[in-house]
Amino acid sequence: MRNKLYLECTSGISGDMTVAALLDLGADQKKLVRTLKSLPVKGFDIKISRVMKSGIDACDFDVLLDHDHENHDHDMKYLYGHDGDSYSQDHGEHHYQHSHEAHEHPHSHEHHVQETHGNSHTYTETMHSHHGHHHHEHRGLNEIMEIIDHADMTDRAKSYGKRIFKILAEAEAKAHNVPVDQVHFHEVGAVDSIVDILSVAICMDDLDVEEVIVPRLCEGSGTIRCQHGILPVPVPAVSNIVSAHQLKLHITSVQGELITPTGAAIVAAFLTSEKLPEDFTVEKIGIGAGKRQYECPGILRAMLIRESEEEASGNDACTEIDTIIKLESNIDDCTGETLGYVMELLYEAGAREANYMPVFMKKNRPAWLLTVLCKKEQVSAMEQIIFRETTTIGIRRQEMERTILKREKRTVTTPLGNVEVKVCIFDGQEYYYPEYESVKKLCEKTGISYKEVYHMAVRG
């Protein structure tokens, strides 16, 4: 059965809210803590606890930073210039200790300092003047990719983290009119944001989510203060992500920023559909708490859902029907090296399939036919890559229905170690398809040939 995740973003979305919701949904907390300890990043600890938000019990994910990495740039008083009267210590929200305490951390966009005294939890906020900011670490995209590569994460989790960061980098590059490889921004370079994003990747991988449904994103209005001055809500990075990935946005009357750039990038990276099944059952619910206090509840509700039997019965028990978009472009003046690079970018952006083949155009000119398969929500992002990186001046688009075998991800144990496989069932027979990167890693570790490891995994 394919795991379908429904994210209800009526109070917006941020990195720490997403991590908390996924943990509440059942993501392995011990695995998260263990993996975060492997990061070549210092200056943080994490804390997972329970909080009450508008009378609703929720999970809270908090990143605790040391003095050198502390980031208060997005405290409520700094963001909106309040005197603090409407944002008193607990603002009516009661925090209490989780029985399985780990240390965790919040997104830089909604950060509070927490001091623990026995069983009580006091919240303080730090006001920043324009001359009182700490020095923040600025990291470029290449440095962040290296951090991910050296972390003890699965290949799938690494790919998730890289995808989110690249979406953010592209949005920031457009906002500041600089190349992606020259983007250096403290929001994503900050330790707390790195931990948030990679925690989302780790939890999504652990829950084995294959489909993510987000009908729309609810955003606030007004203005917000940031490193670059006073900006309208949604901020440029969020607006760019929403535009590039064709996300549905709903502006509410709430004064403030409900969607952080990290939150928008998470949705863009994982979204597979904006439409819920007509009928479905809810398998499990996870609620993640935000740090900011607005008139809306300040929670992200995540649900693992199952399509109703009546709706699913229209398909064969082993197959399902969905819609895919095919993009095609004839390119006659582009090098093979360029197209190889373009394919890498397309896959990293979530393309279901990408390939190019030699063709002959008018006057028998040799050329390439580039073909990309993607979901409807990804068309804009794919076209941006193709137009930016190739010499094409036009892309053909075709919507196609397809029948696909239902599949699920599994980990099989071989005499050499574990291998991640995709399992499909047809006519009562299970078929195993080992994941390339997982097989490759075991080959490099053991020195055994790819063919031998592959066949061990297929035998299950």
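Q: Which residues in α1 are buried?
A: In α1, the buried ones are Gly15, Asp16, Met17, Thr18, Val19, Ala20, Ala21, Leu22, Leu23 and Leu25. Buried means under 20% relative accessible area, exposed means over 50%, and partly exposed is in between (1.4 Å probe, protein chains only). Keep in mind that this is a predicted model: local features need pLDDT of at least 70, side-chain atom pairs count only at pLDDT 80 or more, and totals for chains, interfaces and linings use all residues. Residues are numbered from 1 along each chain as its sequence is written, and side-chain values use heavy atoms, with hydrogens and water left out.

Q: What comes just after α1?
A: Gly26, with a positive phi of about 125°.

Q: OK, zooming out. How many helices and strands are there in the protein chain?
A: The protein chain has 14 helices and 22 strands. Of its 460 residues, 53% are buried.

Q: What about contacts in the chain?
A: Take contacts between residues at least 6 apart in sequence: 73% of them join residues at least 24 apart. Contact means heavy atoms within 4.5 Å.

Q: New topic. How many cavities does the search find?
A: There are 6 cavities of 30 Å³ or more in the whole structure. The largest cavity holds about 90 Å³ of space. It is lined by 11 residues, and Ser11, Met17, Leu258, Arg292 and Tyr294 are the closest to its centre.

Q: What counts as a cavity?
A: On a 1 Å grid over the protein atoms alone, a cavity is a set of points where a 1.4 Å probe fits but cannot get out, and lining residues have an atom within 4 Å of a point. Grid points are joined across faces, edges and corners, and a volume is the space filled by probe spheres set on the points.

Q: How does the lining of the largest cavity divide?
A: Into 3 nonpolar, 4 polar and 4 charged residues. Here Ala, Val, Leu, Ile, Met, Phe, Trp, Tyr, Cys and Pro count as nonpolar, Asp, Glu, Lys and Arg as charged, and the others, Gly among them, as polar.

Q: Speaking of charge, how many salt bridges are there?
A: The structure has 22 salt bridges. A salt bridge is a side-chain nitrogen of Lys or Arg within 4 Å of a carboxyl oxygen of Asp or Glu.

Q: Which residue does Asp149 pair with?
A: Asp149 forms a salt bridge with Lys162, with the closest N and O atoms 2.6 Å apart. Asp149 lies in helix α4 (residues 141-149) and Lys162 in helix α5, so the pair ties together parts that are 13 residues apart in sequence. Asp149 is partly exposed at 39%, and Lys162 is partly exposed at 22%.

Q: And what does Glu383 meet?
A: Glu383 and Arg397 meet in a salt bridge of 2.8 Å, N to O. Glu383 is in helix α12 and Arg397 in strand β19 (residues 396-405), 14 residues apart. Is each end buried or exposed? Glu383 counts as buried, at 14% relative accessibility, while Arg397 counts as exposed, at 55%.

Q: What about Glu377 and its nearest opposite charge?
A: Glu377 is buried yet has no salt bridge, and the nearest side chain of opposite charge, Lys375, is 6.0 Å away. For this, Lys and Arg count as positive and Asp and Glu as negative; His and the chain ends are not counted. Glu377 lies in the loop between β18 (366-374) and α12 (379-389). Leaving aside neighbours within four places in sequence, its contacts are His245, Leu271, Thr272, Ser273 and Glu274.

Q: Back to α5. Is Gly161 buried or exposed?
A: Gly161 is buried, with a relative accessible area of 0%. It lies in helix α5 (residues 155-176).

Q: Last one: where is the cis peptide bond?
A: It runs from Val233 to Pro234, with omega near 0°. Pro234 is in the loop between β12 (229-232) and α8 (236-244).

Conventions: 1 Å grid on protein atoms, 1.4 Å probe; cavity = no way out; pocket = protein on both sides within 12 Å on 5 of 7 lines; lining within 4 Å. Helix = DSSP H or I, 4+ residues; strand = E, 2+ residues; numbered from the N terminus.
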